[in-house]
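Keep the structure open as you read.

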Amino acid sequence: MGFERFGTVSFVSQTKVAKFVDFLDEGSVMGTKCKSCGAKYFPPRSDCAQCLSSDMEWFEITGPGKLVTYSKLMYAPSGFEKDLPYRICVVEYADGVKVFGRISSQIPDKELAIGMDLVAVPVKLSGDKVSYEFRRP
Amino acid sequence: MQKVGIIGVGQSAFVRGYEGSIRELVFEGFSEAMRDAQIKPEDIQASIICSAPEYDKQRTPAGLMAEYLGLNPQPTFYIESVCSSSSMGLRVAYSMIQAGLHDVVAVIGFQKMSEISSAESQERMGRGADIMWESPFGTMMPAYYAMHARAHMNTYGTTEEDLALIRVKAASYGQINEKAVYRKGVTLEKALESDPVSTPLKVFDCCANADGSSCIIVASEEMARKLSPKPVWILGLGAASAPINMAGRTTFSGLTCAREAAKQAYAMAGVGPEDIDVAEVHDCFTIAEMMAYEDLGFAEPGKGKELIRNKETYIGGKIPVNVDGGLLSKGHPIGATGGSQIRTITLQLRSEAGPMQVDGAKIGLVHNIGGVGIYGNVTIFGRDE
Ligand SMILES: [Zn+2]
């Protein structure tokens, strides 16, 4: 339990990486790193697909990373209508780790440019839910 | 190794709201394929049922369909790779026939999307991605493809007008396909003025949801020659996968699963992109067709826009693509789509495509993608001289 607190609408409650949500509460966006082979993962995983080890440790996504691509949604799937419009994106960090998420509404559309620097920041949502969003560094 | 051929094809009309049950919908595509092949249900040795779950309430639809179509007691089972389910079904049918398990197999695809609302449909499709790490942000299919469109535009200078031109082409052929859900023409102005759905994609950049069914009858070489005057042969099959989560992708200006599947299919068939006379590509969005031009090698990376600007993908051009209206105008009933694409190419290679016919087409290609490039299937077909 615990992971159901992640995002506007969540579809999964149980995972071995539910601590991700606790880290968001504490102000950090975290990925996992394989202690055996060093592979870094975001989204965090409990198991390494490179060497099949399950001995993982947490590392913080710091940055800034660079905006790879994005889109502004004018329609939403069920459950997200009140958030409209919102922008989703992919951000890539220097170590090659990519993070998928939303861009903060604080950044106007006209200031968005592929390649711009962004940082992932934990945010509190209504109903005791938590997430993260991308802001200017 | 023996060849494997297609001896019958069928599809229902693709419609907005089918007024019947899924079993009746499936009967339409199946019965047309059976009439085309001139065989009876007892001649089918196994059936493969292909769709995406959760649009209707039926669990394990294979059992239902086999009974309704008169296919008991032959084996039947379900194959799912969302939008490419029926191409994956064809791959399995090919394997079973090559293994000598069966000589005649029916690949049956269907989807009744109108059982649920459009927003519910977007939610279901959105959950065809990573539900743990992406769906909580409110994702949907147009937004994923829109991110690819943005990347393609940024990398190669592709424009919104280039994408609109793909829609104009699709609509010009949708008008002459009596099975298409969208039968109207679309002008460049109309496409460009349509409302944004997920920037930079607009309403006319998106395919139409539809209800529909398709059926492909696949046979061993011996049975195909015995039963069919004009068998169409499967020359090459390619299939690949890519990370479901966008964070795992290496590029957003193409689909790596399509590139890998194309490489396999070309190698197996012993042909290259320049040998393809007519192609069906998975244009669930205009950007998907643009990327397909490049992923399939019809154009160099970044040069896909030249193909559409110069009308090279129209009939009469260098490589006619989606001259049946594509998913954009024909409609995209998820599980039925691959079968419909295979049907179009089969009719083309039999010179039976009517007003959509590409004269003298001998080699055809089907590019069918599941999800946002999670599953890639590329299949190449040929005919006897
Ligand atoms: Zn490892």
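**Hairpin and sheets at a glance**

S7(A) pairs with strand S8 (residues 129-135) of chain A over seven bridges, in the antiparallel sense. Strands here are DSSP runs of E of at least two residues, and helices are runs of H or I of at least four, both numbered from the N terminus. Two strands count as paired if DSSP finds at least two bridges between them.

This is a predicted model: local features need pLDDT of at least 70, side-chain atom pairs count only at pLDDT 80 or more, and totals for chains, interfaces and linings use all residues. Residues are numbered from 1 along each chain as its sequence is written, chains are lettered from A and ligands numbered from 1 in the order in which they are written, and side-chain values use heavy atoms, without hydrogens and water.

**Around S7 of chain A**

- A:Leu125 has A:Lys129 in S8(A) as its bridge partner.
- Three residues lie between the strands in the hairpin of S7(A) and S8(A), and A:Gly127 takes a positive phi near 70° there.
- Strand S7 (residues 117-125) of chain A also runs antiparallel to strand S4 (residues 65-73) of chain A, joined to it by two bridges.
- A:Gly65 stands opposite A:Leu118 in S7(A).
- Strands of a sheet pair through backbone hydrogen bonds, either parallel or antiparallel.

**The S2-S1-S3 sheet of chain A**

- Three strands of chain A form an open, antiparallel sheet in the order S2-S1-S3.
- Strand S2 (40-41) and strand S3 (56-60) of chain A are at the edges with a single partner strand each, so one side of each has no neighbour in the sheet.
- Five bridges link strand S1 (residues 30-34) of chain A to S3(A), in the antiparallel sense.
- A:Gly31 has A:Phe59 in S3(A) as its bridge partner.

**Chain B overall**

- Chain B has 13 helices and 11 strands.
- Its radius of gyration is 19 Å, close to the 21 Å that the globule rule gives for 385 residues, so chain B is as compact as a globular protein of that length. The radius is taken over C-alpha atoms, and the rule is 2.2 Å times the number of residues to the power 0.38.
- The C-alpha atoms of chain B fill a box of roughly 55 × 45 × 40 Å along the principal axes.
- Of the 385 residues in chain B, 66% are buried (under 20% relative accessible area, 1.4 Å probe, protein chains only).
- Among chain B contacts (heavy atoms within 4.5 Å) with a separation of 6 or more, 77% join residues 24 or more positions apart.

Conventions: Buried < 20%, exposed > 50% of the residue type's maximum accessible area, 1.4 Å probe, protein only.
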